Amino acid sequence: MPKARNPAKPYSRAHRGPARAAAVVDLPADGCTLPVPDLPPGRDWTDAERIRWEELWQSPQATQWDDAARGTVAVLVVYESAILRGEASAWMAQEARYAGEALGLTPRAMAALGWRIVEEAEPEPAQHVAGW
C-alpha cells in the first residue's frame, strides 16, 4: 500500500494550487462603454457618490464586472465617502480596501487577475508587395 501523503508538507500538491494559464486580459484604456447601472435603492445618494458610481462603472475594470458587482461597487462608494468625510472607522477603511481589491481597482489586484490596461493600437497600414 502506498504511503499516505502529508498535506502539511511544503511541497505537497495542496500548496501548489490549481494550474493557471498565464492568460492576460487587456482592458481598454478608454474604459467601459456599457450603460451605467442604476444606484441601488435604500439610501439617499449624494451628488459626489453618484459621480463616483458612474466613474467606477466607466473604468476599464468595469468591462470585467457583471451585475453581481453592483453591491461591491455600492459598498465601496459608501465607504470611500465616509473615509473622505473623516467619518470612517478602521474597519470601514479595511473593507474599502478589500472591495477595491475584489473589483480589480489596484495594481496588485490587476496583476493577480491577469488584467492590464492598454491603449487601443491604431491599425498598421497595409503593405503592398511588388508583383502581387
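Visitor: How many salt bridges does the structure hold?

Guide: The structure, which is a predicted model, holds five salt bridges.

Visitor: What makes the contact between Arg 116 and Asp 26 a salt bridge?

Guide: The side chains of Arg 116 and Asp 26 meet at 2.4 Å, N to O. The limit for such a nitrogen and carboxyl oxygen is 4 Å, so the pair qualifies as a salt bridge.

Visitor: Which parts does this pair tie together?

Guide: Arg 116 belongs to strand E2 (residues 115–118) and Asp 26 to strand E1 (residues 25–28), so the pair ties together parts that are 90 residues apart in sequence.

Visitor: Why is Arg 116 called partly exposed?

Guide: Its relative accessibility is 44%. Buried requires under 20% and exposed over 50%, so Arg 116 falls in between and counts as partly exposed.

Visitor: How do you know that Glu 55 and Arg 52 form a salt bridge?

Guide: The closest N and O atoms of Glu 55 and Arg 52 are 2.4 Å apart, and the cut-off is 4 Å, so the pair is a salt bridge. The two residues stand three residues apart in helix H1, about one helical turn.

Visitor: Why is the aromatic pair of Trp 53 and Trp 57 called tilted?

Guide: The ring centres of Trp 53 and Trp 57 are 5.7 Å apart, with 55 degrees between the planes.

Visitor: Is Trp 53 buried or exposed?

Guide: Trp 53 has a relative accessible area of 2%. Buried means under 20%, so Trp 53 is buried.

Visitor: What makes the pair of Tyr 79 and Trp 91 edge-to-face?

Guide: The planes of Tyr 79 and Trp 91 stand at 85 degrees, and their ring centres are 5.8 Å apart. An angle over 60 degrees counts as edge-to-face, so the pair carries that name. Tyr 79 lies in helix H2 (residues 70–85) and Trp 91 in helix H3 (residues 90–102).

Visitor: Why is Trp 91 called exposed?

Guide: The relative accessible area of Trp 91 is 52%. Exposed means over 50%, so Trp 91 is exposed. Tyr 79, by contrast, counts as buried at 15%.

Methods: Residues numbered from 1 in each chain as written. Predicted model: local features only at pLDDT ≥ 70, side-chain atom pairs only at ≥ 80, totals over all residues. Heavy atoms only, no water. Phe/Tyr/Trp six-rings, centres within 6.5 Å; stacked < 30°, edge-to-face > 60°. Buried < 20%, exposed > 50% of the residue type's maximum accessible area, 1.4 Å probe, protein only. Helix = DSSP H or I, 4+ residues; strand = E, 2+ residues; numbered from the N terminus.
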